[in-house]
Amino acid sequence: MNVLRDIRELATIGGPACLAIGVFDGVHRGHQALIAAVQEAARRRDALPVVVTFEPHPLKILRPDNAPAILTSLDHKLLLLERTGVQHVLVIPFDEAFSRTPPEAFIRDLVAACRPLRLIGVGFRWEFGHRRAGNVSLIEHLGTQHGFDVLELAPVTEDHDHISSTRVRQ
């Protein structure tokens, strides 16, 4: 598996890209469903599926006193991601400076690095960027401007409850 450590390295993968973006702590069934949906979308678009994740968990930087217990180390997360069949993973170092990135700038950086960007896939009601100002509506707006599609995965449920990292921790 090819592990990238900088957004600009997306330019090295050699083809159009479809991105599954998230923290992916635990790589649980909800995460696996998103990755599988992006893999299928990439196949249909003759593109490469890429998982984009963050290290450390953003809340460890943003709210260290209230950060959740981590379900998987980075090495374990990469092993679990590899088992999903993905060949490319971008691990973005999440630090104080990155946390101040406006959501529009984050998406534009992804667009600039991919050759071209065909799709961004995210989980249900995903929020991102400085002060969580970005959401799926913003990604859709930017997708219209920059020519990529957006996939927001519906919640994956078990026993009428959403599967999430929070639920796994509980």
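**View 1. Phenylalanine 54 stands opposite isoleucine 92 in strand 4.** This close-up sits where strand 3 (residues 48–55) runs parallel to strand 4, with six bridges between the two. Strands here are DSSP E runs of at least two residues, and helices are H or I runs of at least four, both numbered from the N terminus. Two strands count as paired once DSSP finds at least two bridges between them. What you're looking at is a predicted model: local features need pLDDT of at least 70, side-chain atom pairs count only at pLDDT 80 or more, and totals for chains, interfaces and linings use all residues. Residues are numbered from 1 along each chain as its sequence is written, and side-chain values use heavy atoms, leaving out hydrogens and water.

View 2. Why is strand 4 (residues 88–93) largely enclosed by the rest of the structure? Because five of its six residues are buried. Buried means under 20% relative accessible area, exposed is over 50%, and partly exposed falls in between (1.4 Å probe, protein chains only). Strand 1 (residues 2–4) pairs with strand 4 in the parallel sense over three bridges, and leucine 4 has leucine 90 as its bridge partner there.

View 3. Six strands make an open sheet in the order 1-4-3-2-5-6, with parallel pairing. At the edges are strand 1 and strand 6 (149–152), each pairing on one side only. Ignoring direction, neighbouring strands are turned by 25 degrees against each other on average. Further in, strand 2 (residues 17–21) runs parallel to strand 3, joined by five bridges; alanine 17 stands opposite leucine 48 of strand 3.

**View 4. Two helices against the sheet.** Helix 3 (residues 74–83) lies across strand 1, strand 3 and strand 4, at about 165 degrees to strand 3. Helix 6 (residues 136–146) packs on the sheet too, touching strand 5 (117–122) and strand 6, and makes about 160 degrees with the direction of strand 6. Contact means heavy atoms within 4.5 Å. Axes are lines fitted to C-alpha atoms, for helices over the stretch in contact, and angles run from 0 to 180 degrees between N-to-C directions.

**View 5. Cysteine 18 and cysteine 114, with no disulfide.** The structure has zero disulfides, a disulfide being a pair of cysteine sulfur atoms within 2.5 Å. For cysteine 18, the nearest cysteine sulfur belongs to cysteine 114, 9.1 Å away, and that's too far for a bond. Cysteine 18 counts as buried because its relative accessibility is 0%; cysteine 114, at 6%, counts as buried too.
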